[in-house]
Amino acid sequence: MIITTVDFLARAQVDRETLEVWIEEEWLVPSETTPERAFTEADLARAKLIRDLMDDLGVNAEGVGVVLNLVDQVHGLRNVLAEVLTSARER
C-alpha cells in the first residue's frame, strides 16, 4: 500500500521539516516513482521507531543512525538465512 506524504506525516506524527531531515539522513528512503514521494507501511514503521528512539528513549541522531543500521543488518541476515533454509530444504 502506498502512502502519500500528507498521510504519512499524519500517521507518523511528525512535521514536514522533521521528515525532510530524516530523508536527508537517509533514515527513510521514499519512492520517487510518482511526482510526489510515496511511502510504504515499512517506512511508517521505521518512522515510528525513529520517533520512539528519539522521544521516548532519548537517543541522539548519531545513535538513531547506528540503531537503524543494525536493524537493517538484522533484516538482511534474516533474508539470507531464509534463503539458506529454503535451499537446504530443496536438496
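**Fold and charge pairs in a predicted chain**

Student: What share of the 91 residues in the chain is buried?
Tutor: The model is predicted. Buried here means under 20% relative accessible area. Of the 91 residues in the chain, the buried ones make up 26%.

Student: In which order do helices and strands follow each other along the sequence?
Tutor: The chain holds four helices and two strands. Read along the sequence, they give the pattern β-α-α-β-α-α.

Student: Why is the chain described as more spread out than a compact globule?
Tutor: The C-alpha trace spans about 50 × 35 × 20 Å along its principal axes. For 91 residues the globule rule gives 12 Å, and the chain is well over that value, so it is more spread out than a compact globule, with a radius of gyration of 16 Å.

Student: Among contacts between residues at least 6 apart in sequence, what percentage joins residues at least 24 apart?
Tutor: A contact requires heavy atoms within 4.5 Å. Of the contacts in the chain between residues at least 6 apart, the part that joins residues at least 24 apart is 50%.

Student: How much of the accessible surface belongs to carbon and sulfur atoms?
Tutor: The accessible surface of the chain comes to about 6500 Å². The part that belongs to carbon and sulfur atoms is 55%.

Student: How far apart do the centres of the positive and negative side chains lie?
Tutor: The chain has 18 negative side chains and 9 positive ones. The distance between the centres of these two sets is 9 Å.

Student: Which residue is the salt-bridge partner of arginine 11?
Tutor: The structure holds three salt bridges. In one of them, arginine 11 of helix H1 (residues 5-12) is paired with a residue of helix H3, 30 residues apart. The N to O distance is 3.1 Å, and the partner is glutamate 41.

Student: Where does arginine 37, which pairs with glutamate 20, lie?
Tutor: The closest N and O atoms of arginine 37 and glutamate 20 are 2.6 Å apart, in a salt bridge. Arginine 37 is partly exposed at 24% relative accessible area, and glutamate 20 is partly exposed at 30%. Glutamate 20 is in helix H2, 17 residues from arginine 37, which is in the loop between helix H2 (16-24) and strand E2 (38-39).

Student: Is arginine 46 buried or exposed?
Tutor: Arginine 46 forms a salt bridge with aspartate 72, with 2.7 Å between the closest N and O atoms. The pair links helix H3 to helix H4 (residues 61-90), 26 residues apart. Aspartate 72 is partly exposed at 39%. The relative accessible area of arginine 46 is 18%, and the cut-off is under 20%, so arginine 46 is buried.

Student: Which side chain of opposite charge is nearest to aspartate 43?
Tutor: Aspartate 43 lies in helix H3 (residues 41-56) and is buried, yet has no salt bridge. A salt bridge needs a side-chain nitrogen within 4 Å of a carboxyl oxygen. The nearest side chain of opposite charge is 6.2 Å away and belongs to arginine 46.

Student: Which residues are in contact with aspartate 43, leaving aside neighbours within four places in sequence?
Tutor: Aspartate 43 is a buried residue of helix H3. With neighbours within four places in sequence left aside, the residues in contact with aspartate 43 are Phe8, Leu28, Val29 and Ala38.

How values were computed: Residues numbered from 1 in each chain as written. Predicted model: local features only at pLDDT ≥ 70, side-chain atom pairs only at ≥ 80, totals over all residues. Heavy atoms only, no water. Rg over C-alpha atoms; globule rule 2.2 N^0.38 Å. Buried < 20%, exposed > 50% of the residue type's maximum accessible area, 1.4 Å probe, protein only. Areas by Shrake-Rupley, 256 points an atom, 1.4 Å probe, with all protein chains shown as cover. Lys, Arg positive; Asp, Glu negative; His and termini not counted. Charge placed at Lys NZ, Arg CZ, Asp CG, Glu CD.
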